Every structure is written in C-alpha cells, then in structure tokens.
Amino acid sequence: MADENEQPPADADGEEEEEEDDDDDLVDESIPAERSGHVAVTDGQSIFVWGGYKNAPVRGFYDFYLPRDEIWIYDMENGSWQRVKTKGEIPLSMSGSCAACVDKVLYLFGGHHAHGNTNMFYMLNLNPRDGDLFWEKVDCKGIPPSPKDKLGVWTYKNK
C-alpha cells in the first residue's frame, strides 16, 4: 500500500512529472469490479462470483464491500459476463466467506461483515424462479460452527 506522504519521483531534470489523465476512474459495468475476499464457484458451465471488497484509493485506501444483492455470472462457452440482481434473504455484504456449487445451488457459509465474523449459512438456487435468483437463509440443526472468516470448502462426488 502506498504511503500517503510519499512524493512522486522527480524526472532527470529534478522536476516532478505531471499526472496524466487516467482512464482507471471509468467503470466498465460489463465486467465485475476488481475485488478481494470474494467467492467464485463453478457448475462446469458458468462461474459465479459474489461478494468481497474493493480498495478505493480515492477514499484514502478505504476498503468497501461490494453490492450484496448482485452476482456475476461468467458463461464459459461464449466468454461473456452478466450481472444479475438477486432477491430474497440476501446475505450481508461480506468477504472471506466460503462457497460451493452442488446441483445448481450455490451454498455460502461464514465470512466477515461490518460487525465481525459470522457463521450464517445461505443458499442461492441458480435456476431462476420467475426470472429471478432467490437467496434463502439455511437454519441448521444442532450446534453450529463458530463464526469464521477466510475459510475453505470443497465438494466430493458432487456432495
């Protein structure tokens, strides 16, 4: 991370270089924003990307969570991205969650949100209902795991 007090390097004449207009401020809404701490899973045909955070240097290197009500879907056959708004019991904006895709259902567990770590468990059926994707909070039986951040998950024989 850059030091806020760091001065740009001077050129050979000892003069500071002028900042060039930078197109990085333009947002391309046809692809997902750069992010960290997100989840990315596949069903073999598409990649699904949800959550995470972005570093915004224009805000003094302040990290902010990305929209929680959208999922980005990459079609591996035609090479295109699609942003889809989701509905239902939408999880809090988080990073560091883990996710798996089994039988066209994305399962999401744990992560870190503005109030700390969580042990919440959600599912998102990736088959649209009336054209929409709906999140559902899963109420587990028994004693749940403790709240977690930055964890992993895997599937074995699609389970």
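Me: Which residue's side chain meets that of Glu 29 in a salt bridge?
Reply: In this predicted model, local features need pLDDT of at least 70 and side-chain atom pairs count only at pLDDT 80 or more, while totals for chains, interfaces and linings use all residues. Residues are numbered from 1 along each chain as its sequence is written, and side-chain values use heavy atoms, with hydrogens and water left out. A salt bridge here is a side-chain nitrogen of Lys or Arg within 4 Å of a carboxyl oxygen of Asp or Glu. At 3.5 Å, N to O, the partner of Glu 29 is Arg 83.

Me: How many residues apart in sequence are the parts that Glu 29 and Arg 83 tie together?
Reply: Strands are DSSP runs of E with at least two residues, numbered from the N terminus. Glu 29 lies in the segment before β1 and Arg 83 in strand β6, so the parts that this pair ties together are separated in sequence by 54 residues.

Me: Which residues are linked in a network of salt bridges?
Reply: The whole structure contains seven salt bridges. One of them joins Asp 43 to Lys 104 at 2.8 Å, N to O, linking the loop between β1 and β2 with the loop between β7 and β8. The network consists of Glu 29, Asp 69, Glu 70, Arg 83 and Lys 85.

Me: What is the order of the strands in the open sheet of eight strands?
Reply: The protein has zero helices (H or I runs of at least four residues) and 10 strands. Two strands pair if DSSP finds at least two bridges between them, and three bridges join β6 to β10, which run parallel. With mixed pairing, the order is β1-β2-β5-β6-β10-β9-β8-β7.

Me: Which backbone nitrogen does the side chain of Asp 75 reach?
Reply: Asp 75 lies in strand β5, which covers residues 70-75, and at 27% relative accessibility this residue counts as partly exposed. At 3.1 Å, its side chain reaches the backbone nitrogen of Asn 78.

Methods: Buried means under 20% relative accessible area, exposed over 50%, partly exposed in between (1.4 Å probe, protein chains only). A polar contact is a pair of N or O atoms within 3.5 Å; within protein, one must be able to donate a hydrogen and the other to accept it, and residues adjacent in sequence count only if both atoms are side-chain atoms.
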